[in-house]
Amino acid sequence: MSEKNQPRHPGDCIPHLRAISDTQYVLSGKWKVVIIGSLSFSKKRFTELRNTLEGIGSKMLAKELQELVRNGIVKRIAEDGGKPVEYELTAYGYSVKPVIDAMAAWGKQHREHIVREMRKNDTR
């Protein structure tokens with residue numbers, strides 16, 4: 001880590017870690033980040049989300065969506081006339097998109113790194 005990225009004094013660390021903890025709290029769980037990632041492309045109905053996110057059950061999706069709604073990240077849109085409910089990111093929810101995009105970029109880089117390492121080890 002370069003000196004530029006290090007806190008200026010030891011006391012800077014505590015607020016920094018607290019902010020990371022707050023972020024972890026809002027995005028915790030196996031599914032919240034991928035739900036946000038999916039909704040960052042377009043609003044979706046519950047069944048569309050469930051079908052997009054392989055392996056998530058309806059009960060877990062409902063729970064995760066409720067928590068994201070409670071934290072102001074996702075908006076639940078229920079229209080009159082019995083139309084299906086849709087979910088979309090709020091304006092505030094879009095503020096976390098750069099974090100999700102950075103995670104996606106790092107994940108892609110990590111996957112490529114692992115594949116390269118596996119190939120290197122296979123040739124030994």
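In what order do the elements of the protein run from the N terminus on? The order is α-α-β-α-α-β-β-α-α, and the secondary structure comes to 6 helices and 3 strands. Helices (H or I, at least four residues) and strands (E, at least two) are DSSP runs, numbered from the N terminus. The model is predicted, so that local features need pLDDT of at least 70 and side-chain atom pairs count only at pLDDT 80 or more, while totals for chains, interfaces and linings use all residues. Residues are numbered from 1 along each chain as its sequence is written, and side-chain values use heavy atoms, with hydrogens and water left out.

**Overall form**

- The protein has a radius of gyration of 19 Å, whereas a compact globule of 124 residues would have one near 14 Å. The radius is taken over C-alpha atoms, and the globule rule is 2.2 Å times the number of residues to the power 0.38.
- The C-alpha trace spans about 60 × 50 × 20 Å along its principal axes.
- Of the 124 residues in the protein, 23% are buried. Buried means under 20% relative accessible area, exposed means over 50%, and partly exposed lies in between (1.4 Å probe, protein chains only).
- Among contacts (heavy atoms within 4.5 Å) between residues at least 6 apart in sequence, 47% join residues at least 24 apart.

**Helix 4**

- Helix 4 comprises the 13 residues 58–70, which at 1.5 Å a residue should span 18 Å; the end C-alpha atoms are 18 Å apart, in agreement with this value. The expected span is 1.5 Å times one less than the number of residues.
- The buried residues in helix 4 are Leu61, Glu64, Leu65, Glu67 and Leu68. They lie on the same side of helix 4, because they cover an arc of only 160° around the axis. The arc is that of the directions from the helix axis to the C-beta atoms.
- On the other side of helix 4, Lys59, Gln66 and Arg70 are exposed.
- The cover over the buried residues of helix 4 includes helix 1 (13–27), helix 2 (32–39), helix 3 (46–52), strand 2 (74–77) and strand 3 (86–89).
- Glycine 72, which follows helix 4, has a positive phi, near 75°.

**Leucine 61**

- Leucine 61, a residue of helix 4, counts as buried because its relative accessibility is 0%.
- Not counting residues up to four places away in sequence, leucine 61 touches Ile35, Phe46, Leu49, Arg50, Leu53 and Ile56.
- Leucine 61 and lysine 32 are 29 residues apart in sequence, yet their C-alpha atoms are 8.9 Å apart in space.

**Strand pairing**

- Two strands pair if DSSP finds at least two bridges between them.
- Strand 1 (residues 44–45) pairs with strand 3 in the antiparallel sense over 2 bridges, and lysine 44 stands opposite tyrosine 87 in strand 3.
- Strand 2 and strand 3 run antiparallel and are joined by 4 bridges; tyrosine 87 in strand 3 is the bridge partner of arginine 76.

**Nonpolar core**

- In soluble globular proteins, nonpolar side chains tend to be buried together.
- A nonpolar core is a set of buried Ala, Val, Leu, Ile, Met, Phe, Trp, Tyr and Cys residues joined through side-chain atoms within 4.5 Å.
- The largest nonpolar core has 18 residues, and those with the most contacts inside it are Ile35, Ile36 and Val74. Helix 2, helix 4 and strand 3 are the elements that give two or more residues to this core; helix 2 gives the most, with 4 residues.
- Isoleucine 36 is in contact with Leu27, Leu68, Ile73, Leu89, Val96 and Ile100, leaving aside its neighbours within four places in sequence.
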